[in-house]
Amino acid sequence: MDVLSDVLAVTRTGRPRSAHVRWHAPWGQEFASVPGSAGFQVILQGSCWLLPPDAEPVRLGAGDVVFLPHGSGHTLADSPETLVTAPACGPDGHEPYDTYASDHVDRSGDGGPVTVVLCGAYRLDPSRTHPLLLTLPDLIHVPAHADRRPELRSAVALLAAELENPRLGTDALVPALLDTLLLYILRIWFDEQPARGDTTGWAAALNDPPVTAALHAIHRDPAAPWTVATLAAEAGLSRAPFARRFALLIGQPPLGYLTWWRMTTAARLLRTSDAPLRSIAAQVGYTSEFAFAHAFKRTHGTPPGLYRRNRTTSRFRDGS
């Protein structure tokens with residue numbers, strides 16, 4: 001898997017929620033701040049205003065996409081002057097999210113202009129949040145362009161159709177389409193970041209071919225006996241320049257990131273599979289189950305067996 005695909009695979013937990021909502025002006029809806037979540041809003045028809053609590057209002061039109069990677073609270077309304085009286089909603093409530101709600105979730109005002117919004121939320125596991133997501137801004141606004149981003153428009157159209165008219169297979173299609181939508185949003189944002197020589201961080205790393213080659217190698221085969229020298233060879237650089245470049249952009253040395261990714265991958269396997277510990281240890285590059293357990297406890301603060309039991313109980317409780 002590539003880095004961006006893996007980011008989503010390891011951080012999402014539970015079932016994503018999404019709704020297709022129609023409002024008639026005047027209207028306003030507050031979305032609660034939910035740390036450990038990520039949300040998005042897609043304007044399908046009409047226009048509205050995004051009202052962040054500590055920033056200037058943002059006017060949104062049909063086709064605009066807004067992604068809030070840190071679960072920041074915000075309000076949507078037909079006008080910045082509209083008084084919002086409806087209770088705030090969040091991904092754990094039923095209004096308007098009801099796992100996959102459709103157009104019957106209708107907020108009627110006084111018969112004014114109609115705005116149709118596709119909204120959704122992901123629950124993320126804070127203990128496994130990829131540093132790539134931590135570097136994103138509180139709000140990513142992808143404006144609509146008639147001649148650009150056809151893949152994003154296609155994903156939006158497919159998701160809206162499933163929510164508007166649920167049929168056989170919708171429960172399987174919607175999570176996949178939500179993942180697709182999120183990946184397109186992230187890809188667009190990273191592609192549009194300026195490529196400046198003095199830029200650091202994940203946006204710069206994913207636009208740097210040598211560092212990206214090393215990252216892909218780690219994600220493709222975390223069990224390989226990687227060293228700084230072999231990763232430098234993947235990057236096409238000598239050892240010392242590669243190590244400096246990787247640490248500058250990623251914020252930690254190559255082997256530090258390798259260990260973090262191995263333990264993050266192990267946590268996902270413990271949570272989602274019944275594979276024995278020795279098998280999971282081998283999949284993340286440890287020939288000794290004891291050495292794996294020691295490294296896992298050092299990273300996650302609990303032995304892998306106890307981690308699995310606790311996470312399995314939590315998964316059954318929240319229905320994920």
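The questions and answers below go through a predicted model of one protein.

Residues are numbered from 1 along each chain as its sequence is written. In this predicted model local features need pLDDT of at least 70 and side-chain atom pairs count only at pLDDT 80 or more, while totals for chains, interfaces and linings use all residues; side-chain values use heavy atoms, with hydrogens and water left out.

Reader: How many helices and strands does the secondary structure of the protein come to?
Author: Helices (H or I, at least four residues) and strands (E, at least two) are DSSP runs, numbered from the N terminus. Counted in this way, the protein has 12 helices and 11 strands.

Reader: What percentage of the residues of the protein count as buried?
Author: Buried means under 20% relative accessible area, exposed over 50%, and partly exposed in between (1.4 Å probe, protein chains only). Accessible areas come from the Shrake-Rupley method with a 1.4 Å probe, and for residues only the protein chains shown count as cover. The protein exposes about 14800 Å², of which carbon and sulfur atoms supply 54%. Of its 320 residues, the buried part is 48%.

Reader: Among contacts between residues at least 6 apart in sequence, what percentage join residues at least 24 apart?
Author: Contact means heavy atoms within 4.5 Å. For the protein, the percentage is 76%.

Reader: Which element supplies the largest share of the lining of the second largest cavity?
Author: On a 1 Å grid over the protein atoms alone, a cavity is a set of points where a 1.4 Å probe fits but cannot get out, and a pocket is an open set with protein on both sides within 12 Å along at least five of seven lines; lining residues have an atom within 4 Å of a point. The largest share, 4 residues, comes from helix 1.

Reader: How many charged residues does the lining of the second largest cavity have?
Author: Ala, Val, Leu, Ile, Met, Phe, Trp, Tyr, Cys and Pro count as nonpolar, Asp, Glu, Lys and Arg as charged, and the others, Gly among them, as polar. Residues lining this cavity include Leu4, Thr11, Phe67 and Leu186. By class, the lining has 9 nonpolar residues and 1 polar residue, and the number of charged residues is none.

Reader: Which helix gives the largest share of the lining of the second largest pocket?
Author: This pocket has a volume of about 150 Å³, where a volume is the space filled by probe spheres set on grid points, joined across faces, edges and corners. Among its lining residues are Asp2, Arg187, Asn207 and His216; helix 1, helix 4 and helix 6 are the elements that give two or more residues to the lining. By class the lining has 4 nonpolar, 3 polar and 3 charged residues. The largest share, 3 residues, comes from helix 4.

Reader: Is Glu162 buried or exposed?
Author: Glu162 forms a salt bridge with Arg167, with the closest N and O atoms 3.7 Å apart. Arg167 is exposed, at 54% relative accessible area. Glu162 has a relative accessibility of 9%, so Glu162 counts as buried.

Reader: Which residues is Ala213 in contact with, leaving aside its neighbours within four places in sequence?
Author: Ala213 lies in helix 6 and, at 24% relative accessibility, counts as partly exposed. The C-alpha atoms of Ala213 and Ala233, 20 residues apart along the chain, are separated by 9.6 Å. With those neighbours left aside, the contacts of Ala213 are Glu234 and Ala235.

Reader: Where is Pro26 found?
Author: Most peptide bonds are trans. The bond from Ala25 to Pro26 is cis, with omega near 0°. Pro26 is found in the loop between strand 1 (12-24) and strand 2 (28-31).

Technical notes:
A salt bridge is a side-chain nitrogen of Lys or Arg within 4 Å of a carboxyl oxygen of Asp or Glu.
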